[in-house]
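Hi everyone, thanks for making time this morning.

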Amino acid sequence: MAAGGNKVDVVLGGQWGDEGKGKLVDILCGDMDIVCRCAGGNNAGHTVVVEGCKYHFHLLPSGIVHPKCTAVIGNGVVVHIEQLFAEIKVAEEAGPGMQGWEKRLVISDRAHIVLDLHQSIDGIQEVEKGKDSIGTTKKGIGPTYSAKAARHGFRVCELLGDQDKFAAKLAKVVSDYQKRYPTLTVDVESEVEKYKQLGEKIRPLVRDTISLLHTRMESGPCRILVEGANAAMLDIDFGTYPYVTSSNCTAGGVCTGLGLPPQCVGKVYGVVKAYTTRVGDGAFPTELTGEIGQRLQKDGHEYGTTTGRPRRCGWLDLAIVKYTNRLNGYYSICLTKLDVLDSFDEIKVGVGYKLHGEKMDGFPADLDVLAQVEVDYVTLPGWKTSTKDARSFADLPEQAQKYVEHIEQVIGVKVQWIGVGPARDNMVSRD
């Protein structure tokens with residue numbers, strides 16, 4: 001049985017990220033007591049527009065702009081402390097939503113720390129791979145998770161503990177890394193002093209978040225939302241490996257990244273863009289490299305929140321969404337950026353794959369196989385009118401309604417929200 005009868009709801013990306021998860025999280029957080037991040041690091045990027053103020057979040061849970069909502073960075077997250085505080089400063093300057101953040105932000109003592117040397121190694125590894133590079137954000141996320149798995153990572157609790165022990169471990173780790181990466185230079189003494197100061201700065205925010213969450217859930221009604229980072233197609237196990245992130249950003253990561261048993265997971269909401277985008281390298285069956293792809297990129301302002309890199313664009317691929325629904329079990333879907341399609345005469349939707357003329361069930365693990373698939377498209381008429389003022393499903397043009405209904409028919413999941421613009425109120429709800 002879930003703690004105290006409470007369950008956590010979850011918002012997850014259903015494609016390759018950048019679906020607009022932050023906006024749905026922001027809307028739902030108005031009714032939440034706690035919002036959590038469970039995986040990833042500041043390689044994620046969420047943009048939220050509240051009362052005309054635009055906030056760009058990378059590591060902070062988007063719900064922190066709600067004054068009654070506690071924001072938790074869970075044990076499954078990797079934290080670059082300096083960049084966390086830099087992000088807080090930028091958010092404070094963006095608008096009033098961050099007032100009193102220090103009373104609302106909680107960081108797990110079990111979370112791993114992204115060191116500057118991890119970021120340096122990330123860059124060195126990408127250069128070494130040459131044309132086979134993954135296209136990472138070079139934020140040090142992969143090397144940090146690698147260190148965690150190899151059991152020589154640094155947890156937040158270590159930073160707050162014995163400083164001599166921390167210094168000795170850092171010196172040993174740096175020495176080991178330099179044997180593998182001779183060009184890596186680290187001033188260990190300077191780094192030790194820096195992290196000593198950062199430890200004191202972060203200390204007031206650090207808690208045993210497992211105990212915190214369970215105590216709150218056992219103490220009475222408590223509404224908790226988990227904000228997924230990245231997306232299912234970037235999951236280390238289920239994504240287009242090796243062009244993936246370094247953590248589990250599907251539903252299972254909620255349990256391991258927060259210390260919650262499966263029965264505590266309630267509704268899982270999938271966020272899906274009305275077309276498909278991805279950043280970096282890797283397979284993309286519905287990609288459009290010509291004029292239409294450029295049009296989607298321009299009209300959708302498809303540039304990464306974290307890196308500023310242009311996103312590759314293509315038609316909506318429902319074969320992917322069906323696959324990620326199997327992984328995550330969506331209760332309902334939030335379809336975002338429908339307005340970007342407002343000017344198209346016709347719109348194609350990928351509904352499945354064929355390999356050598358045979359219909360495929362599921363999504364191939366082998367990228368060489370994926371490169372050979374033929375996308376089965378359905379062509380739907382466009383609506384050729386603005387949807388930005390729509391606030392109910394009935395307000396949408398008839399062909400836009402049919403587009404949404406076609407998605408529901410193929411996926412077998414209700415589209416509960418439809419995004420028609422960047423602001424908080426640019427959302428159609430079908431409750």
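This is a predicted model: local features need pLDDT of at least 70, side-chain atom pairs count only at pLDDT 80 or more; totals for chains, interfaces and linings use all residues.

**A walk through the sheet**

Residues are numbered from 1 along each chain as its sequence is written, and side-chain values use heavy atoms, leaving out hydrogens and water.

Strands (E, at least two residues) and helices (H or I, at least four) are DSSP runs, numbered from the N terminus. Two strands pair if DSSP finds at least two bridges between them.

Now, which strand is joined to β5 by four bridges? That is strand β2 (residues 34–37), and these two also run parallel. Here C36 stands opposite V72 in β5.

Where do the residues of β5 (residues 70–73) point? T70 and V72 go one way, A71 and I73 go the other, and all are buried. Buried means under 20% relative accessible area, exposed over 50%, and partly exposed in between, with a 1.4 Å probe and protein chains only.

For contrast, look at the loop between α1 (21–28) and β2, where you will find D31. D31 has a relative accessible area of 56%, so it counts as exposed.

Ten strands make an open sheet with mixed pairing, in the order β9-β7-β5-β2-β10-β1-β11-β15-β19-β20. At the edges sit β9 (206–207) and β20 (427–429), each pairing on one side only. Further along the order, strand β11 (residues 265–273) and strand β15 (residues 332–336) pair in the parallel sense over five bridges, with K273 opposite T336 in β15.

Finally, the whole chain. How many helices and strands does the chain have? There are 13 helices and 20 strands. Of the 431 residues, 57% are buried. Among contacts (heavy atoms within 4.5 Å) between residues at least 6 apart in sequence, 76% join residues at least 24 apart. Along the principal axes, the C-alpha atoms fill a box of roughly 65 × 50 × 40 Å.
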